[in-house]
Amino acid sequence: MKRHNFSAGPCVLPGSVLQKASEAVINFDNGLSLLEISHRSKPFVDIMENARALALELLGLEGKGYKALFLQGGASTQFLMVALNMLEKRAGYLNTGTWSDKAIKEARIYDDIYEVASSKDANYNYIPKGYDIPSDYDYFHCTSNNTIFGTQMKEFPNAPIPMVCDMSSDIFSRQLDFSKFDIIYAGAQKNMGPAGTTLVVIKEDVLGKVSRKIPSMMDYKVHISKSSMFNTPPVFAVYTSMLTLEWLKGLGGISAIEKENEKKAQLIYSEIDLNPLFKGFATKADRSTMNATFTLANEDLKETFETMVKEAGINGLNGHRSVGGYRASMYNALTLESVGVLVDVMSELERKA
Ligand code: PMP
């Protein structure tokens, strides 16, 4: 049976990428597995360089003073690295959900972080707007897409200070002026590849302004000076990310996938709005094109709906415990057809009920 994978991450990847990645595990270079060759060998150095260049190219940041790194420790390690590398006196954070909250918690180890605004009052079902960003702070941090709550920033402030953005769950999904940001980070396991590496894109000239000593593994400058090879990189995750970035480039890049992502989002949200059996969680204006969160209006239908979902080959639809209900994650590799299958199940439930 065909599976439709709505998992929030790790999640669906393009079939062609999985095929090539699995072949490389068996035989990458003259009978040797990708997992057996030195990360210092030319074939792997080429992979790393290609992945770094593709990331910048797709984001439109080539030749603009940015460097791309593939690091380890997940996006969660970036919560700490951003603070270590950028925080001298004070930083401002926009709190739009669990992941922003965690970023704030880590940065608070070093400073009494200022929350420029928060949507915690409504269990993060909206994106705060109209807040001020103090011009004498070291940086402003935001989360572009809130994976758990299904909200997404549609506009970004013109911050008078460096902008740092956690784009873990919507990087490469929509066209933005990425040059607005000084540091962008994203765990690979949504739109880019398997878990195990984190893309960090840094405008080099924002670094070197803090007085603290930074441990080598935490220091962006060290990783940049070693071309993202300061220590043994996660070779499989970097290779598979490179394949996914090549796949995206082959489709026509971010602007091409954005059109598909908009179609998918439109299909699911119109069903949520028209079908009286379902209620959307996020405020309409702030709805995410990546993660659609919704609940059943009548919990008595839970078992029937979930059985139908399972029978349709749909996987990974459960909502996060802090929201409940359901979450349809529609990352780049999920097809419009899969969203159609889910929408058919939802309308079939309405006919049955
Ligand atoms: N930020 C966002 C927006 C996320 O969705 C996640 C993970 N789902 C994280 C950070 C944490 O990522 P990791 O598990 O790679 O540390």
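The model is predicted: local features need pLDDT of at least 70, side-chain atom pairs count only at pLDDT 80 or more, and totals for chains, interfaces and linings use all residues. Residues are numbered from 1 along each chain as its sequence is written. Helices (H or I, at least four residues) and strands (E, at least two) are DSSP runs, numbered from the N terminus.

**The sheet**
- Seven strands form an open sheet with mixed pairing, in the order β2-β10-β9-β8-β5-β3-β4.
- β2 (66-71) and β4 (114-118) are the edges; each has a single partner strand, so one side of each lacks a neighbour in the sheet.
- From one strand to the next, the twist averages 15°.
- Strands count as paired if DSSP finds at least two bridges between them.
- Strand β3 (residues 92-95) runs parallel to β4, joined by four bridges. Here tyrosine 93 has glutamate 115 in β4 as its bridge partner.

**Strand β9**
- Strand β9 (residues 183-187) is largely enclosed by the rest of the structure, because five of its five residues are buried. Buried means that 20 or more other C-beta atoms, placed from the backbone, lie within 10 Å of the residue's own.
- Ile183, Tyr185 and Gly187 point one way, and Ile184 and Ala186 the other way. In a regular strand, side chains alternate between the two faces of the sheet.
- Strand β8 (residues 163-166) pairs with β9 in the parallel sense over three bridges. Aspartate 166 is opposite tyrosine 185 in β9.
- Strand β10 (residues 198-203) pairs with β9 in the antiparallel sense over five bridges. Isoleucine 184 is opposite valine 201 in β10.

**Helices**
- α3 lies across β5 (140-143), β8, β9 and β10, at about 160° to β9. Axes are lines fitted to C-alpha atoms, for helices over the stretch in contact, and angles run from 0 to 180 degrees between N-to-C directions.
- The axes of helix α1 (residues 15-26) and helix α6 (residues 235-251) come within 9 Å and cross at roughly 145°.
- Ser16, Val17, Lys20, Ala21 and Ala24 of α1 meet Tyr239, Thr240, Leu243, Thr244 and Trp247 of α6. Contact means C-beta atoms, placed from the backbone, within 7 Å.

**The ligand shell**
- Residues around the ligand include Gly9, Trp99, Thr143, Asp166 and Gly187. To be near, a residue has its C-beta atom, placed from the backbone, within 6 Å of the molecule.
- Helix α3 (residues 74-86) gives the most to this shell, with three residues.

Methods:
Contact = placed C-beta atoms within 7 Å. Buried ≥ 20, exposed ≤ 12 C-beta atoms within 10 Å, placed from the backbone.
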